[in-house]
6 protein chains.
Amino acid sequence: MVNTDMSTPTVYPFVAIVGQEKLKKSLILNVINPSLSGVLIRGEKGTAKSTAVRALADLLPEIDVGEADPFQSDPHDPKTMAPDVRERFEAGETLPVRSRKVRVVELPISATEDRVVGTLDLETALKEGRKKIEPGLLASANRGILYVDEVNLLDDHVVDVLLDSAAMGVNTIEREGISFSHPARFTLVGTMNPEEGDLRPQLLDRFGLCVHVEGLNTPGERVEVVKRRAAFEEDPEAFAAQWAEETAKLKDAVAVAIQRCPKVQASDAILFSIAERSLKLGVDGHRSDIVMLKAAKALAAWGGRDDVTPADVEEAATLALAHRMRRRPFEDILGPQAA
Amino acid sequence: MVNTDMSTPTVYPFVAIVGQEKLKKSLILNVINPSLSGVLIRGEKGTAKSTAVRALADLLPEIDVGEADPFQSDPHDPKTMAPDVRERFEAGETLPVRSRKVRVVELPISATEDRVVGTLDLETALKEGRKKIEPGLLASANRGILYVDEVNLLDDHVVDVLLDSAAMGVNTIEREGISFSHPARFTLVGTMNPEEGDLRPQLLDRFGLCVHVEGLNTPGERVEVVKRRAAFEEDPEAFAAQWAEETAKLKDAVAVAIQRCPKVQASDAILFSIAERSLKLGVDGHRSDIVMLKAAKALAAWGGRDDVTPADVEEAATLALAHRMRRRPFEDILGPQAA
Amino acid sequence: MVNTDMSTPTVYPFVAIVGQEKLKKSLILNVINPSLSGVLIRGEKGTAKSTAVRALADLLPEIDVGEADPFQSDPHDPKTMAPDVRERFEAGETLPVRSRKVRVVELPISATEDRVVGTLDLETALKEGRKKIEPGLLASANRGILYVDEVNLLDDHVVDVLLDSAAMGVNTIEREGISFSHPARFTLVGTMNPEEGDLRPQLLDRFGLCVHVEGLNTPGERVEVVKRRAAFEEDPEAFAAQWAEETAKLKDAVAVAIQRCPKVQASDAILFSIAERSLKLGVDGHRSDIVMLKAAKALAAWGGRDDVTPADVEEAATLALAHRMRRRPFEDILGPQAA
Amino acid sequence: MVNTDMSTPTVYPFVAIVGQEKLKKSLILNVINPSLSGVLIRGEKGTAKSTAVRALADLLPEIDVGEADPFQSDPHDPKTMAPDVRERFEAGETLPVRSRKVRVVELPISATEDRVVGTLDLETALKEGRKKIEPGLLASANRGILYVDEVNLLDDHVVDVLLDSAAMGVNTIEREGISFSHPARFTLVGTMNPEEGDLRPQLLDRFGLCVHVEGLNTPGERVEVVKRRAAFEEDPEAFAAQWAEETAKLKDAVAVAIQRCPKVQASDAILFSIAERSLKLGVDGHRSDIVMLKAAKALAAWGGRDDVTPADVEEAATLALAHRMRRRPFEDILGPQAA
Amino acid sequence: MVNTDMSTPTVYPFVAIVGQEKLKKSLILNVINPSLSGVLIRGEKGTAKSTAVRALADLLPEIDVGEADPFQSDPHDPKTMAPDVRERFEAGETLPVRSRKVRVVELPISATEDRVVGTLDLETALKEGRKKIEPGLLASANRGILYVDEVNLLDDHVVDVLLDSAAMGVNTIEREGISFSHPARFTLVGTMNPEEGDLRPQLLDRFGLCVHVEGLNTPGERVEVVKRRAAFEEDPEAFAAQWAEETAKLKDAVAVAIQRCPKVQASDAILFSIAERSLKLGVDGHRSDIVMLKAAKALAAWGGRDDVTPADVEEAATLALAHRMRRRPFEDILGPQAA
Amino acid sequence: MVNTDMSTPTVYPFVAIVGQEKLKKSLILNVINPSLSGVLIRGEKGTAKSTAVRALADLLPEIDVGEADPFQSDPHDPKTMAPDVRERFEAGETLPVRSRKVRVVELPISATEDRVVGTLDLETALKEGRKKIEPGLLASANRGILYVDEVNLLDDHVVDVLLDSAAMGVNTIEREGISFSHPARFTLVGTMNPEEGDLRPQLLDRFGLCVHVEGLNTPGERVEVVKRRAAFEEDPEAFAAQWAEETAKLKDAVAVAIQRCPKVQASDAILFSIAERSLKLGVDGHRSDIVMLKAAKALAAWGGRDDVTPADVEEAATLALAHRMRRRPFEDILGPQAA
C-alpha cells in the first residue's frame with residue numbers, strides 16, 4: 001500500500017471540549033473497555049461530535065506495532081497476528097517494532113465494501129500474475145478507533161460488514177477464490193442525525209452504548225466554545241500546549257482505569273438489578289444486560305472502585321438501554337435522573 | 001483455493017446456553033436427521049441464535065474427508081464424490097483421508113450468487129487458458145451446516161439457489177458453457193427478525209422446522225446468561241473446559257440417536273394423526289406431513305424409543321406447522337401445550 | 001460444452017403419485033401431442049408438481065440422437081438438424097447414433113437470457129479468435145421437456161424468449177453479428193403459485209393447457225403420500241422396482257396413443273361445439289379452439305378411440321379454457337363436472 | 001455477418017386467413033404504397049395478427065439485391081446504395097445480382113439498440129485493429145417489412161430509433177467516433193394488446209394506419225379457422241399448394257395496384273373533405289391528412305380506379321384517424337360504417 | 001472521425017411551409033442574431049416543426065471552414081479556432097479553406113453525454129497509446145444549428161451540458177485527465193410536446209425565445225399543406241426548384257438583416273418599456289429583458305429599420321416572456337394580440 | 001495532465017454589477033476571511049449569481065504558485081505543499097515560481113466523484129505499469145474559489161466530498177490501494193434555486209453564509225442592467241477598461257481588509273450577544289456562533305475598524321443564521337432590517 005499522507009494536523013484537545021459530559025464519558029468508557037462494542041452518537045449538527053472522536057487518540061496509551069504490518073497486529077502476541085506476519089514471527093525472524101499513537105480511522109460515507117473490507121491488489125495481479133491482498137479500512141482500524149460520521153447514510157451492506165467485524169474481532173476478505181482473515185478489533189464510533197433517517201433496530205442493537213447530544217444552552221458556555229475555537233484556529237499548537245497538562249492528567253487516569261477494569265467485581269445483587277432493568281423496559285434479547293455490566297464495571301474502574309455500585313448501574317443504564325427499547329417514553333420510566 | 005484462516009477461536013459451548021429449549025431441540029433434531037431440511041429461527045435480536053448454531057459442530061461426530069477434496073465428499077462412498085475425485089478413486093488411486101469436525105459455514109448477507117454457487121477460477125483461466133471450477137460456499141458446506149443470519153435480507157436469487165440445493169442435495173455450477181454438479185448436502189439454519197420483513201411463503205415452506213425465540217424473562221435466568229458470558233469472555237478455554245464433560249455427554253447421546261433414528265417405526269394410527277393435523281390446520285401441500293413424520297421419528301430416537309408416540313407427533317407439530325399455516329391463530333387450535 | 005454431471009439420481013415414479021389426476025392427465029396429453037404447447041400448473045406449494053414433471057421422462061419412448069449433436073436433432077431427419085450436423089449428414093458422413101431417454105431440462109429461476117438462448121463460446125473466441133456457438137438450455141431441451149418452476153417469477157424477457165421458441169419450434173442465437181438458428185421443439189411445463197403474482201394474459205394464453213392443483217384432502221390419501229415418500233427416501237431403487245411393472249404398462253399405453261393420435265377424427269358437430277364454448281365464455285382469439293381440438297383428439301387417442309366424442313371436448317375444455325377467460329366464474333358456466 | 005439459418009419453414013397463406021378484412025386491407029395498402037408509414041394492429045391475443053404479417057412477403061414482387069450487400073440496396077439505383085457498395089458500383093465494378101422475396105424481419109421484444117441500429121464489428125476491431133460496421137436489424141429490413149410483436153412493450157429508445165428510421169428512410173450508426181448512414185426503407189408493422197399498456201401519443205402518430213382486431217364471433221367462421229389451421233399443421237406444403245392459385249391471383253392484383261398507385265389523382269373536393277374530417281375530429285397536426293390522402297389513393301389503385309372517390313376517403317379515414325384523436329368516441333362521429 | 005454519409009437528401013423549402021408565421025419568425029430572428037440563445041418550439045405533433053428547422057440552413061449565408069478542422073472554426077479568426085488549428089495558423093501554415101452551407105445537427109433523444117460532448121478516441125489510444133480527442137455533436141454544431149426533437153425527453157445531464165455550451169459558446173471535454181476546450185457557438189432549437197412532461201424552469205429560462213405551434217385550422221390551409229407535401233414527395237428536386245426564387249429572396253433578406261442588426265439602436269424609452277413589461281409579469285431575473293432587447297433589435301433589422309419601435313418590443317415580448325412567467329394567464333395581461 | 005484551454009475570455013467586472021449588495025458583500029467577506037466556509041446563494045434564475053462569482057477572481061491579490069505543481073501549493077510554505085513537491089523543496093531544489101490570479105474553478109453538475117476528487121492516471125498505469133495520481137477539481141481549486149451552480153442538483157456523494165474537503169482543507173484520493181492527501185483550501189460558492197429542491201439540513205449547515213437574491217424591481221435598475229450587459233457583449237475589453245479604475249480601488253480595499261482582519265478584536269459583550277442570538281433562534285449546534293464571529297470580524301475589517309461593533313454582529317447574523325434555523329419566520333424575529 002502506497003501511503004503519502006501530509007503531516008498530521010494538530011487536533012483540538014479532548015479536555016478543551018466545553019460540556020457534553022455524557023458524550024465524553026461514553027467515549028472514555030469504550031477506551032477503558034474496548035469490548036463495549038462502540039458508541040452511537042445521535043444528535044444535532046454542529047456539536048462537538050467529530051472533534052471529540054478525533055481527539056480520543058491522544059488519551060490512549062501508545063501501542064507497539066510491527067514495522068511492516070499493515071494489520072497493525074500486536075508484535076508480542078502471535079495469536080493476534082496476520083497470517084504472514086505470524087509465519088515470519090514463528091520462524092524466529094526478529095521483526096522491527098515501533099511504538100505509536102492509536103489511530104482514528106475515518107470511514108467516508110461513500111466508502112465501498114471493497115475499500116472497507118479490503119480487496120485484491122490489482123497491481124501485483126497484473127504485473128506478477130499472483131494474488132495479493134490489499135488491506136482495507138478494517139485493517140487500518142485494527143487496535144484503533146473506527147469513526148463513521150452519519151452512519152445512518154452508509155450503505156446497508158457496509159454497515160453489516162462493519163458490525164460483523166466489530167462483533168467478531170475478525171475481518172475476512174473473500175475475492176476471486178481467496179479467503180483471508182485478519183484481526184479487526186476496534187472501537188466503533190458512529191454519529192447520526194436522527195432527522196435524516198434511523199438505523200434499523202438490528203443495527204442499533206449492535207452499538208454498545210448510545211448518547212444523545214445537543215448544543216449547549218447557556219450563553220456563557222456558548223461564548224466559551226467560540227473563544228476556545230477561535231484561539232485554536234488562530235494557533236493550534238499554542239492552544240494544544242495550553243491544555244497539555246490537563247490532557248496528560250486525563251491520559252494517566254485512563255491508563256489507570258484500563259489496568260483496573262478487568263479486576264472490578266459485580267455482586268449478584270448488582271447482576272439482578274441489571275436483569276430487572278432490562279425486563280422492566282422490555283428490551284429485546286440479552287445484549288443490554290451484558291453491555292450494562294461491562295459499562296458499569298468500566299465506570300467503577302474510572303471511579304477508582306473495585307466493585308460495581310448501584311450508581312454505576314444507574315449511569316450505565318442511561319447509556320445502554322435507550323436505543324434498545326421497543327417502547328418510546330424512556331424518561332417516564334427511569335425518572336428525571338436519566339435525562 | 002487459497003485459504004489462510006486465523007487459528008479458529010474457541011466457541012461458546014452449546015450446553016452452556018441458558019434456556020431456549022425449543023431452539024436447541026430443533027437443532028439437535030436436524031443433526032439426528034439431516035433430511036429434515038433445516039431450521040428457521042425467528043425471533044428478537046440478541047438472543048442465543050448465532051451462539052447455538054456455531055456451537056452445533058462440537059456435538060457432531062467427526063467426519064472423514066479426502067485431503068485434497070474441496071467438496072468434502074465421503075472418501076468411502078464414490079456415489080457422493082465430486083467427479084474428479086471419483087475418477088481418481090475409481091482409477092484405484094489411494095487418496096489420503098483425514099478425520100475432522102463438521103464445518104459451520106456462515107453465509108454473509110452480502111454474498112453474491114457467484115460466491116455461493118461457485119464460479120470459474122479466473123487465475124487458471126487467464127494464465128493457463130483452461131477452465132477450472134472455483135467452488136463456492138455450497139461446496140464448503142457439503143456434509144456440514146450452512147448458517148444464514150438474517151436470511152430474510154438475503155437476495156431472492158440467492159435464497160432460491162440455497163433452497164434448491166438444500167432440497168436436491170446437489171449444486172450445479174453453470175458458467176461460460178461449463179455445467180458442473182457436486183454434492184451439496186447440508187443442514188440449513190436461517191435466522192430472521194420478523195420485524196424486518198418476512199420470507200415469501202414458497203421459501204418459508206422449504207425450511208423443515210421453525211422455532212420462535214425470545215429473551216429469557218426471569219431475572220435469575222438473565223443473570224445466569226450474563227455470568228456465563230462474562231466467564232466465557234474472560235477466559236474462553238477455561239470456560240469450555242468447565243463444560244467439557246456435559247458437552248461430551250450430549251455428543252454421545254446425539255451419536256446414539258443418529259444410529260437409532262433410521263430404525264424408528266411409526267404406526268398407521270400415528271400417520272393418520274399426522275395427516276389429520278395438517279388437514280385441520282389447512283396447511284398447503286404435503287410437506288408438513290413428511291416433515292412431521294421425520295421430526296417425530298428423530299424425537300423418538302432422541303428419547304431412546306423405537307416407535308413414534310403421540311407425544312412425539314405433538315412436539316413435532318409445534319416445530320413443523322406454525323410457518324406453513326395460511327391462518328394465524330396457532331395456539332387456539334393446538335391448545336396451550338403448543339406454546 | 002464441458003459436462004460433468006454426477007450419476008443421475010433415481011426419480012420418484014409417475015405411477016406412484018397419489019391422486020392429482022388432472023395434473024397427470026394434462027402431462028400425458030402433452031406427451032401424446034407435443035404441439036399442445038405445454039401445461040401451466042397453478043397451485044399451492046408442496047404438492048406433487050415437480051415430482052410429476054421429473055418422472056415424465058420415464059413414460060416416453062426413447063429417442064435416437066446423434067452422438068456429437070448438442071441440439072439433439074433427429075439423426076434420420078435432415079430438415080430438423082442443426083446446420084453443421086446437417087452439412088455433414090448431407091455430405092454422406094455416417095454419424096454415430098445412440099438411443100436415449102427424453103431429457104427433462106430444468107430452467108432455474110435465475111437463468112439469464114444468455115444461458116437460455118445460448119451465446120458465444122468465450123474460450124474458443126479468446127484462444128482461436130474464431131466465433132463458436134455455445135448452445136443454451138433451449139438446445140438441451142430440443143425434443144424433450146423444459147420445466148420451469150415458479151414461471152411467474154422468471155424475468156419477462158426470458159419468458160418471452162421461451163414462449164417464442166415454444167411456438168415456433170426454433171431458437172435463434174444472435175450475438176456479435178452471428179445469427180444462428182436451431183430446432184427447439186419441446187414440451188413446456190411451468191408451475192406457479194398464484195399467491196406470488198400472476199403471468200400477464202399474453203403469456204398465459206401461450207400455454208396450451210392449465211391445471212390447478214391442491215393438496216389431497218382425505219387423511220387416507222395423505223397417509224399414503226407419506227408412506228410412499230418415506231419408502232422412496234429409504235431406498236429409491238427398491239421403491240422404483242416395486243412400481244416398475246405399472247410404469248411399463250403406462251409407458252406402453254402412451255406409446256400406443258402417440259401412434260393413434262394423428263389419425264383421430266373430429267366431426268363438424270364436434271368442431272361447432274368447440275367454437276360455441278369459446279364464444280359463450282368470451283375468451284380472446286382462436287387459440288382456445290385450436291387447443292381444445294388438439295386436446296380432445298389426444299384424449300380420444302388415450303381412450304383408444306378414433307373419433308372425438310362430446311365427452312372428450314368437455315374434458316378438453318376444463319384444461320384449455322380456464323386461463324383464457326376474461327371473466328372469472330368458470331364453474332358456474334361449465335357446471336359441476338368442470339371442477 | 002455469419003448467417004446460418006435453417007431452411008425457411010412454409011408460412012400459412014395470406015389468402016387462407018378467415019375474416020379479418022380490415023387487418024388484411026391495411027397490410028395490402030402499405031404494400032401498395034410503402035410511404036404510408038406502416039400499420040399498428042391493436043387487439044386481443046390469439047387472432048391472426050402474426051400470421052398475416054408473416055404471410056405478407058409472399059404477396060410482394062421479388063426484388064433484385066446485390067449479392068454481397070448486407071443493406072440489400074437496389075443494385076440499379078446508386079442513390080439508395082450503401083456507401084461502400086456505391087463506391088464499387090461507380091468504379092464500374094459489375095456486382096452480382098440475385099432476385100429474391102421481400103424479407104419479413106421480426107424484431108424481438110428484447111432487442112437492444114445495438115442489435116436494431118447496428119454496431120461495431122468486435123471481431124474485426126480486435127483482430128485487425130480496424131473499425132468495421134456490423135449492420136443491425138434495420139439493415140436487414142431495408143426494402144422489406146419490419147415486424148414488431150407487442151410494440152408497446154419495447155424499450156422507448158428502441159421505438160424512437162425505429163420510428164425515426166421509418167420516417168427518414170435512413171439509419172445512422174454512431175459508435176466510437178464512426179458515423180455511418182445506410183438506407184432503411186421498410187414497412188413497419190407493430191402489434192399490441194392495449195390491455196398491457198399503450199404507446200405514448202407521439203409514437204402512435206408515427207404509425208400511418210391503425211386497425212383493431214378481435215376474434216371472429218360466429219361459430220361457422222371459428223370452425224373454419226380451426227379446420228384450416230389443423231390442415232396446415234398436418235401438412236404445410238400441401239395446404240399452401242391448395243391455396244397457391246388464390247395466392248397468385250392476389251399477388252398479381254397487388255403488382256397491378258403498385259404500378260397504378262402513383263398515377264391516381266385526387267380532386268380538390270376530395271382534398272377538402274379530408275381536411276374537414278381532421279378538423280372535425282380535432283386530431284393534432286397534419287399527418288392525418290397526408291396519410292388519409294395516401295391511403296385513399298392506394299385504395300383507389302386497389303379498386304382499379306384512377307381517381308380517389310369519397311368512399312375511398314371514407315375507408316381511409318377508418319384506418320388513419322382513430323389513433324390520432326384526442327377524444328375517444330370514434331363511432332359516434334363517423335357513424336356505424338366506421339366500425 | 002470516419003464519416004461516411006449518404007448524399008444529403010433534398011429538404012422541404014422553408015418558404016413552402018404553409019402558415020406557422022410565429023415559428024418561422026422566431027427561427028429567422030435567431031439566424032439574424034445567434035446570441036438570442038435559441039428557440040423552444042412547443043406544440044402538438046405533426047406540425048411543421050422539424051421541417052422548418054431542417055430547412056433553415058438553406059437561408060443562411062455559407063461559411064468558410066478550414067479543410068481539416070472538425071470544430072469548423074472560422075479560418076480567418078484565430079481567437080475562435082480550436083487549439084491545434086490555431087497553433088498551425090499562428091505558425092504561419094496556410095490552411096486550405098472551403099465555403100459551405102451551415103450545418104443542422106440533429107441530436108438524437110438517445111444521445112449519451114459522450115456523444116454530445118466528445119470523448120477519447122479509443123482507436124488512437126489502443127493503437128498508438130496516445131490520447132486523442134474524439135469531437136462530439138457540439139463540435140459538429142459549431143457555427144451551425146443544433147436541433148433537439150423532444151428536448152423534454154432528453155437526459156437531464158445532457159440538457160445541462162447543452163445549455164451550458166449554448167450560454168458560454170465553449171465546450172469542454174474532460175476525460176481521463178484531459179481537459180480540452182473548443183468553440184461551440186450554435187443556435188439551439190428544441191421542440192417538445194407539453195403533454196409528455198415539461199422542462200424544469202431553470203432550463204426553460206435558458207432558451208431565448210419560445211413559440212407555441214398548432215395545426216392549421218382552415219380547410220384551405222390544410223389542403224395546401226397536403227398538396228405541397230404530395231408534390232414534394234413525388235419529386236423533391238422539382239418542388240425545390242419551383243420555390244428556388246422565393247428561397248433566394250428570403251436568403252438575401254436574411255443576409256441584409258444580419259448586416260444591419262448590430263447597428264440597430266434602442267432609445268431609453270424603449271429600454272424602460274422592456275423593463276416594465278418584465279416587472280408587470282413577474283418574471284424571474286433579468287434574462288427576459290436582455291432577450292427582449294435583442295429580439296426587438298433583430299425585428300427592427302428584419303423590418304429594415306435602424307431603431308427599435310414599440311411594435312418591435314410588443315412582438316419580441318410575445319416570443320420572450322411566455323415561458324418565463326411564474327403565473328399562467330399570459331393572454332389576459334398582454335391582450336389579444338399576444339396570441 | 002494535458003491542458004489545452006482556449007484563451008480565457010474577458011469576464012464582466014464585479015463593480016459593474018447593478019444592485020445585489022448582499023450577494024456582493026457575502027462574497028467579499030469570504031475573500032477577506034476564507035475560513036468562513038463559503039457562501040450559498042439561493043434565489044431565482046437569471047440574476048447576477050454566476051457573473052458575480054466569476055468576477056471575484058479579479059478582486060483578489062495574485063498568488064505565487066510553483067511552476068509544475070498541479071496542487072498550486074504555496075511555494076514558500078512547505079507545510080502546505082503536496083508531498084512530492086515538498087520532497088523536492090526540502091531536498092533544496094529551487095522550484096520555478098510564477099505569480100498568477102486566483103482561479104475560479106467551476107464544478108459541472110455532471111461531475112463524477114472521480115473528476116472531483118482525482119483518480120489514477122490510466123495512461124501511466126497502462127504504459128509504465130506504475131501508479132500515478134491524476135489530480136481532480138479539488139486540486140485545481142486549492143487556494144482559489146470553487147463554484148458549483150445548482151448545488152442542490154449535485155449527486156449527494158459529491159456534495160459530501162466537497163464539504164468534507166472544504167471543512168478539513170485536505171482532499172484524500174483513495175483508489176486501488178493508494179491513499180494520497182493534498183491541500184484543498186478553497187472558498188466554496190454554491191447557487192441553488194429553492195424551487196427545484198433543497199439541500200438536506202446537514203449540508204446547509206456546512207455553508208458559512210447564505211444570501212437570498214432576486215431580480216431588481218425598479219425599471220431604472222433593470223434598464224441599467226440591460227445597458228451594461230449590451231455594452232459588455234458588444235465589446236468586452238472596452239467595457240472592462242471603462243470599469244478598470246473602480247475595480248482597482250475595490251481590489252486595494254480588499255487587500256487592506258485581508259491584512260487587517262486577523263487583528264480585529266471582539267469584546268465579551270459582543271461574544272455574548274452572538275450566543276444569545278443563536279439561542280433565541282433555536283439554531284442547532286455551535287457553528288452559527290463561530291461563523292457569526294468570523295463574519296463580524298471580516299465586516300469590521302472591511303469597515304476599517306479594529307473592533308467588532310454590534311452593527312457588525314447584526315449584519316453578520318443576517319448572513320449566518322437564516323439557513324440554520326429550524327423555524328421559518330426569520331424576519332418576524334430579527335425585524336425589518338434583516339430583510
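What should the 17 residues of helix 11 (residues 244-260) of chain B span at 1.5 Å a residue, and how far apart are its end C-alpha atoms?

Modeller: Happy to, with the reminder that this is a predicted model. At 1.5 Å a residue, helix 11 of chain B should span 24 Å, and its end C-alpha atoms are 24 Å apart, so the two values agree. The buried residues in helix 11 of chain B are Thr247(B), Leu250(B), Val254(B) and Ala257(B). Looking down the axis of helix 11 of chain B, you find these buried residues within an arc of 85°, so they line one face of the helix. They pack against helix 1 (21-32) and helix 13 (287-302) of chain B. On the face turned away from that buried side, helix 11 of chain B carries the exposed residues Glu245(B), Lys249(B), Asp252(B) and Gln259(B).

Helix 9 (residues 219-234) of chain C has 16 residues, and from its first C-alpha to its last it reaches 22 Å, close to the 22 Å expected at 1.5 Å a residue. Its buried residues are Arg222(C), Val223(C), Val225(C), Val226(C), Arg228(C) and Phe232(C). These pack against helix 12 (268-281) and helix 13 of chain B, together with helix 10 (236-242) of chain C.

Helix 9 is also worth a look in chain E. There Arg228(E) forms a salt bridge with Glu224(E), with the closest N and O atoms 3.0 Å apart. Both residues lie in helix 9 (residues 219-234) of chain E, 4 residues apart, about one turn of the helix. Arg228(E) has a relative accessible area of 17%, under the 20% cut-off, so it counts as buried. Glu224(E), at 29% relative accessibility, counts as partly exposed.

In chain A, Arg229(A) forms a salt bridge with Glu233(A), and the closest N and O atoms are 3.9 Å apart. This pair, too, sits in helix 9 (residues 219-234) of chain A, 4 residues apart, about one turn of the helix. Arg229(A) is partly exposed, with a relative accessible area of 23%, and Glu233(A) is partly exposed at 37%.

One last stop is helix 1 (residues 21-32) of chain F, where you will find Lys24(F). Lys24(F) is buried, with a relative accessible area of 11%. A polar atom of its side chain lies 2.9 Å from the backbone oxygen of Ile17(F).

Terms used. Residues are numbered from 1 along each chain as its sequence is written. Chains are lettered from A and ligands numbered from 1 in the order in which they are written. This is a predicted model: local features need pLDDT of at least 70, side-chain atom pairs count only at pLDDT 80 or more; totals for chains, interfaces and linings use all residues. Side-chain values use heavy atoms; hydrogens and water are left out. Helices (H or I, at least four residues) and strands (E, at least two) are DSSP runs, numbered from the N terminus. The expected span of a helix is 1.5 Å times one less than its number of residues. Buried means under 20% relative accessible area, exposed over 50%, partly exposed in between (1.4 Å probe, protein chains only). The arc is that of the directions from the helix axis to the C-beta atoms. Contact means heavy atoms within 4.5 Å. A polar contact is a pair of N or O atoms within 3.5 Å; within protein, one must be able to donate a hydrogen and the other to accept it, and residues adjacent in sequence count only if both atoms are side-chain atoms. A salt bridge is a side-chain nitrogen of Lys or Arg within 4 Å of a carboxyl oxygen of Asp or Glu.
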